[in-house]
Amino acid sequence: VVPVAMRMLDNVIDVNFYPVIEGKVSNLRHRPVGLGVMGMQDVFYKTNINFDSEQAVELSDKLQEYISWHAIMVSSLLAKEKGAYETFKGSKWDRGIFPVDTLGLLEQERGIPTGIKPTGSMDWEPVRASVREFGMRNSNTMAIAPTATIANISGCFPSIEPIYKNVYVKSNFSGEFTVPNEYLVTDLKKENLWQRSMLDKIKQEDGNLENIPEIPSWVKAKYKEAFQIDPYWVIMHAAYRGKWIDQSQSINLFMNTTS
């Protein structure tokens, strides 16, 4: 998927309509793209890993490293095929500085450790060798955006967010529809707990499962909503994921306060 997406994003730069000449000149010189991520919560549900756990943070780290490895490698191979971007000379890429290397630079600048290990589980030497030989097609390759609309169209959870609500109401021209979390429904069916009365209780609690005694504790832990998860975990996911990304991440912190 990553090679196809990267080629597609790179092609957009050439076929795009630019309303202002400055945008066109800048894009053709630097050729930045932003490969994103969505459906992270789907992955945690499918692997039975709770969002607020060290295991989940470790998975975020490994998955983003995998995406990063391929995104940078593909940009380098596109440079071999079509040529590097115009301002590659003297860039961090040209100087052999990858996103993960900037963690050390940040610690030097701040004079304090980040606490994030600057290591991964993949062999990066082939990627570094390719960039040394061919350069990069794109000055930037990855950025994580909110993606709420396209996640809805694709049928997955937006971006890298924990689930916002286990049940919500969707409105369209045909009326209003109650939409429950399909993963929760599947697990409740396994426990023989999915019936109309259970849906009514979940709706009454506005999606929060904490006060429904029939629901097992493992289900409650797995299906915590965003406001039930300590923001610490959202930050930890972002910190470990961030060392592989050459641009930025959009993240929300959900503070469960009275105001």
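This is a predicted model: local features need pLDDT of at least 70, side-chain atom pairs count only at pLDDT 80 or more; totals for chains, interfaces and linings use all residues.

Mentor: Residues are numbered from 1 along each chain as its sequence is written, and side-chain values use heavy atoms, with hydrogens and water left out.

Trainee: At what angle do the axes of H4 and H11 cross?
Mentor: In general, two packed helices are described by the angle between their axes and the distance between the axes. Here, helix H4 (residues 54-82) and helix H11 (residues 231-242) have axes that come within 8 Å and cross at roughly 30°. That makes H4 roughly parallel to H11 (angles under 35 degrees count as such).

Trainee: Which residues of H4 and H11 make the contact?
Mentor: Contact means heavy atoms within 4.5 Å. H4 brings Glu54, Ala56, Val57, Ser60, Asp61 and Gln64, while H11 brings Trp233, Met236, His237, Tyr240 and Arg241.

Trainee: Which residues touch the most other members of the largest nonpolar core?
Mentor: A nonpolar core is a set of buried Ala, Val, Leu, Ile, Met, Phe, Trp, Tyr and Cys residues joined through side-chain atoms within 4.5 Å, and buried means under 20% relative accessible area (1.4 Å probe, protein chains only). In this 41-residue core, Ile72 and Trp93 touch the most other members. H4 gives the most to this core, with eight residues. Leaving aside neighbours within four places in sequence, the contacts of Ile72 include Trp93, Phe98 and Trp124.

Note on methods:
Axes are lines fitted to C-alpha atoms, for helices over the stretch in contact, and angles run from 0 to 180 degrees between N-to-C directions. Helices (H or I, at least four residues) and strands (E, at least two) are DSSP runs, numbered from the N terminus. Angles under 35 degrees count as roughly parallel, over 145 as roughly antiparallel, 65 to 115 as roughly perpendicular and the rest as oblique. Buried means under 20% relative accessible area, exposed over 50%, partly exposed in between (1.4 Å probe, protein chains only).
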